Amino acid sequence: DSVVWCISQASLRRILLRGQRDRFQRIMGYLDQVDLLQGLLSHEKLELAQNFLIEAFKPGDWIVRQGERQNVWYILIEGVCEFLDEDQVLATVRPPQYFGERALLKDKPAEYSVRVTS
């Protein structure tokens with residue numbers, strides 16, 4: 001004997017789309033706090049939200065290493081990070097701090113390292 005669970009196509013699509021909408025709305029809430037993005041229209045922020053990936057790091061992890069080429073822009077949404085020049089801490093940052101945009105836009109190596117502290 002076999003037993004299966006089933007769900008209609010319409011129900012599955014509705015549930016999946018609602019989950020995506022909720023995720024995009026949550027991301028857009030963070031984007032609204034980022035001063036660099038204040039001039040963007042809602043549909044432009046939605047397009048950004050649809051392309052963001054969530055990546056998790058642990059305390060002590062390096063997100064960016066000084067001198068390395070970057071092809072990613074980051075927005076800190078949880079935790080605390082340090083910006084470092086060599087071994088010297090330049091700043092301690094909290095959400096919704098962003099970083100990596102200068103290296104990305106100017107196609108230059110990262111000016112500083114970013115390490116997760118919590």
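Here are some notes on the pockets, surface and salt bridges of this predicted model.

1. Ground rules. Local features need pLDDT of at least 70 and side-chain atom pairs count only at pLDDT 80 or more, while totals for chains, interfaces and linings use all residues. Residues are numbered from 1 along each chain as its sequence is written, and side-chain values use heavy atoms, with hydrogens and water left out.

2. The largest pocket. Its volume is about 810 Å³. On a 1 Å grid over the protein atoms alone, a pocket is an open set of points with protein on both sides within 12 Å along at least five of seven lines, a cavity is a set where a 1.4 Å probe fits but cannot get out, and lining residues have an atom within 4 Å of a point. Volume here is the space filled by probe spheres set on the points, which are joined across faces, edges and corners. There are 27 lining residues, and L53, I54, E55, I75 and I77 are the closest to the centre.

3. Who builds that lining? Two or more residues each come from α1 (9–31), α2 (42–51) and β2 (74–75), with α1 giving the largest share, five residues. (Helices are DSSP runs of H or I, at least four residues; strands are runs of E, at least two; both are numbered from the N terminus.) By class the lining has 20 nonpolar, three polar and four charged residues. Nonpolar covers Ala, Val, Leu, Ile, Met, Phe, Trp, Tyr, Cys and Pro, charged covers Asp, Glu, Lys and Arg, and the others, Gly among them, are polar.

4. The cavity. The largest cavity holds about 110 Å³ of space. Helix α3 (residues 101–106) gives the most to its lining, three residues. E101, R102 and E111 are among the lining residues.

5. A salt bridge is a side-chain nitrogen of Lys or Arg within 4 Å of a carboxyl oxygen of Asp or Glu. R102 pairs with E111 at 3.3 Å between the closest N and O atoms, and with E101 at 3.9 Å. The shared partners join E101, R102 and E111 into one network. E101 is buried at 14% relative accessible area (buried is under 20%, exposed over 50%, partly exposed in between, with a 1.4 Å probe and protein chains only).

6. One more bridge. R69 and D107 also form a salt bridge, at 3.9 Å. R69 sits in the loop between β1 (62–64) and β2 and D107 in the loop between α3 and β6 (113–116), so the pair ties together parts 38 residues apart in sequence.
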